[in-house]
Amino acid sequence: MLPQEAIRAKRDGRALPAATIRELVEGIGDGGLSDAQVGALAMAIYLQGMDAAETVALTEAIRDSGEVLDWSDLDLPGPVLDKHSTGGVGDLVSLVLGPWVAACGGHVPMISGRGLGHTGGTLDKLEAIPGYSVTPDTATFRRLVKDVGVAIIGQTGRLAPTDRRLYAVRDVTATVESLPLIVSSILGKKLACGLDALVMDVKVGSGAFMPTAEASRELASTIAEVASQAGTSTTALLTDMSQPLAPCAGNAVEVREALAVLTGERRDGRLLTVTRTLAAEMLLAGGLAADRDAAQARLDERLASGAAAERFARMVAGLGGPSDLLEAADRHLPTAPVVREVRAERAGHLRRMDTRALGLAVVELGGGRRAPDDPVDPAVGLTGIAALGDRLAAGQPLATVHARSEDDAERAERQLLAAVELGETPAPAPTLIQDIIR
Ligand code: URA
C-alpha cells in the first residue's frame, strides 16, 4: 500500500494490517517515508489509536528493524532476563538489580538510557565511575553477559534504529503521548535484546512519566499484553513515584547508594523493597525459583553473602572502571565542592512532594541536561531526602544539596522548599507496590 493511503486509512480510523505496518516501518528506516509522512502517520496513530494486534505488529516491526541479539551460540546456563523502568527520581534500581539477578543465575544484557526530562539515567550514573565505558565492543559485552551475568551499557546504533527516527519526529510533532507509540517504542528496543523474559517497572505519582495513575495502569497492562503476544513473557509492576525512590538523586550519590545496598550497609527502604520485588519476578519468569518465597529467599542469601556486590564489582572492572570500587568508593567517586543542608521552615508532617520538581532541581544543578549534548556533572545532587510521612521539627534537615557553586546551592534550596508540603496532620503513605500485572 502507498504510504499516503495507509496514513489516510489510519487517519480515518481504520485498523492497519500487520503487513502494511511492517512496510511503513521499513519506509521509516530506509527513507521511503518523508519526514512529513512520518509526522502525519504519528499524528494519525496519536488521534485514532491502535488496537492490540496493530500495536503488536508495530512493536515487532520496530524490533526487527535492526539487529536482534541472539545468545543461543553461548550456551548460557541460565535465562536471559531484563527489567525496564519508565523512569523516575532517585531510581537506581538497575544498578542493584542487574548484578543481584546475575548472582542468582540470570543473564542480564541491560541496554539503558540517559536522563530524560526530570528523570535520571542509568548510563549517566554509571559514568560517574571513572573509566566505566557504556560503549564496549560487542565481544566484551557478550563475554560479560556470559561470565559475570550482567553488563549495563548504552544503546547501539544497530538496535531498533527505526525507533530513533520515529521518536525524533514524535518529539517535534506533539505525538509523544500516544499509548501504542510509547509501548512499541519501549518494547521494540527491549525485545531486540533477545530476552527470555522482561519485567517492567511502570511508575505512578508526581515523578512519573505518565500524567495520571489511570494512564500508568493502562501503560502497564498494554505493555504486559503486547510483549507477551510478541513472544516475550512480560510482567509489569506499578510502583510509587510520588517521592524519590532512594533518599538521594544525582549520579555519583546514587552509585554510592547502590554500593550501600549491595554491601549490606543499607538493609531496608523503598529502593530495596522495589528492587527485591522486581528481581523476584525476574527469577520467577526465568524459572530460577519455584515460587515468590523461594525467589526472595534466594535473593536474600545472594545479597547477604556478598555475591551480588561481587558481580557489580566484576561488571565495573570489566567495563573499564576501577577494580577496587567497593573497597575505595570515596577515592573514586567525585564529590561536589559546596554541601548545604536544607532545613524545614516550620514543623509539620511531610504530606506531599513534587517529585518532578526535585528531579528538575538536580538537572539544574548540572546533574542532567538542558540540551541533548550538554555535559553532566557527576558530583552534584541531593542526599538525605526526607520521606513522605516524616514528622519534622522546624529547622530539621529536609535534604542536603551537593552543588558546584553557592548560587546553585541556593537555587536548589529554594526549589526544594517549594517542592514539599508540610501539614498539621499526617497523610497516609502511598502504597509502594501498587500492582503486579501479568
Ligand atoms: N521511552 C521510550 O523509549 N519511548 C517512548 O516513546 C517513551 C519513553
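Close-up 1. Helices here are DSSP runs (H or I, at least four residues), numbered from the N terminus. This is a predicted model: local features need pLDDT of at least 70, side-chain atom pairs count only at pLDDT 80 or more, and totals for chains, interfaces and linings use all residues. Residues are numbered from 1 along each chain as its sequence is written.

Close-up 2. A295, L299, R302 and L303 are the buried ones (20 or more other C-beta atoms within 10 Å of their own). Seen down the axis of α13, the buried residues fall within an arc of 100 degrees (taken from the directions from the helix axis to the C-beta atoms), so they line one face of the helix. Turned away from that buried side are D293, D300, E301 and A304, which are exposed (12 or fewer). Just past α13, G306 has a positive phi of about 90 degrees.

**Close-up 3. Helix α3 and its neighbours.** Buried in α3 are V38, A40, L41, A42, A44 and I45. Their cover includes α1 (3-11), α2 (18-30), α8 (161-171) and α9 (179-190). G49 follows α3, with a positive phi near 75 degrees.

**Close-up 4. The domains.** The assignment, automatic or from a database, gives domain 1 (3-49), domain 2 (72-318) and domain 3 (334-423). Between the C-alpha centres of domain 1 and domain 3 there's 44 Å.

Methods: Helix = DSSP H or I, 4+ residues; strand = E, 2+ residues; numbered from the N terminus. Contact = placed C-beta atoms within 7 Å.
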